[in-house]
Number of protein chains: 2
Amino acid sequence: MPVLYHHWLSPAARFIRLMLAEKRIDFELRLEKDWERRPAFLQLNPAGEVPVLVLDNGATLAGTMAIAEYLEESVPSPTLLDGTAEERAEMRRLTGWFHTKLGTEVTRLTVQEKLNKRFLGMGEPDSEAIRCASHNLKIHMRYIGHLAERRHYLAGNRYSMADAAAVAHISVIDYFGDIVWEDWPEAKDWYMRVKGRRAVRTLLSDRVGGILPPKHYDQLDF
Amino acid sequence: MPVLYHHWLSPAARFIRLMLAEKRIDFELRLEKDWERRPAFLQLNPAGEVPVLVLDNGATLAGTMAIAEYLEESVPSPTLLDGTAEERAEMRRLTGWFHTKLGTEVTRLTVQEKLNKRFLGMGEPDSEAIRCASHNLKIHMRYIGHLAERRHYLAGNRYSMADAAAVAHISVIDYFGDIVWEDWPEAKDWYMRVKGRRAVRTLLSDRVGGILPPKHYDQLDF
């Protein structure tokens, strides 16, 4: 069975978990605290980051998009890139947008300040960084609402890799109770829709030692 | 003819120029100073970044990897992802490595401090950032040498997207004369090899107003 190195609140690892679950590929989860820079893990991925997927034949895949494209190629059905070449480009543009822009501007700051510093003793939370993440989050929630309103799913009429990337990040941010859902009805409507997916529900049952998410976190109708 | 919005020292735009040239797709280059955040350009790409590729039918592609994968799908030959699914994963891992790690740790700092600040009047160069880029560059040159020595090309025996991504970044860094090539014989050997490609030579003839690259910059044998 393939082994996925991950940690619970890594949005990139959540994204690959979603892809594996959508494609109904069984896998074993292995917790890797990648910030500890374990030498044997650096051998698997010199970038020192989860996710890393080790296949049954021993081949090691690293790099979030490299793994995602590999999964699309090797298990094409069900596809998370369903459409014309241009529609697929839009799915990939948004996947990149969520991983890099939403990731850098919100998720990373949130996890760093709220998890690493408070619970792992990596120093005092920086209130300026928290304010910054909170400001950026509003821009991203507006954009998600704008996309969801026009398109049903974020990159078009079908659930795609772009939705999975957004769920991976939004579910991490929502774990910390940072999203005021009443302010974003279109985004909320989209999130309720995707929460109904079996693959998404497997993520939302995760609990990270010592921190409980808000009550609505895993409720489909919230 | 497709239009590529770019600027001269954007490694991401250079990467797409290399892909277009390898696939012998004619295109028109259009200069976009994306830091000016021109509203009509933000309509094309809300991320506000080059490259953006506008197709003949008016469709707009944004996001570096979204454009690269689109080009692979729509003009499959010659391919820059030639191999098994696992070999392709390694090409994509390294493509991502160069765009994100080499990009963040070296290229962005170099362009920011040496071009934007000195020539575009965006403030004083930060000597700490320059020292940091210089330190990181050594680690990346060692890694490129390590890959080139074992594999001929960076991700395997064939020239791939990963080499194009590395050339896009290395050619920008080399423009500023920051690479002491004598220290990195394996990496130099690889770079001499790829400089012989027609697609790479089209890049190396660029000159950015007011700044001349070092003499070896566009020499094949240096």
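Here are a few notes on a sheet and some aromatic contacts in this predicted model.

1. Some bookkeeping: local features need pLDDT of at least 70, side-chain atom pairs count only at pLDDT 80 or more, and totals for chains, interfaces and linings use all residues. Residues are numbered from 1 along each chain as its sequence is written, chains are lettered from A and ligands numbered from 1 in the order written, and side-chain values use heavy atoms, leaving out hydrogens and water.

2. Start with chain B, where four strands make an open sheet in the order E2-E1-E3-E4, with mixed pairing. Strands here are DSSP runs of E with at least two residues, helices are runs of H or I with at least four, both numbered from the N terminus, and two strands pair if DSSP finds at least two bridges between them. E2 (28-31) and E4 (60-62) of chain B are at the edges with a single partner strand each, so one side of each has no neighbour in the sheet.

3. Now look at the rings, which pair if the centres of Phe, Tyr or Trp (its six-membered ring) lie within 6.5 Å; planes under 30 degrees apart are stacked, over 60 edge-to-face, the rest tilted. Over all chains there are 18 aromatic pairs. B:Trp181 and B:Phe222 are edge-to-face, at 5.3 Å centre to centre and 80° between the planes.

4. B:Tyr191 and B:Phe222 are both buried (under 20% relative accessible area; exposed is over 50%, partly exposed in between; 1.4 Å probe, protein chains only).

5. In chain A, one aromatic cluster is formed by A:Trp181, A:Trp190, A:Tyr191 and A:Phe222.
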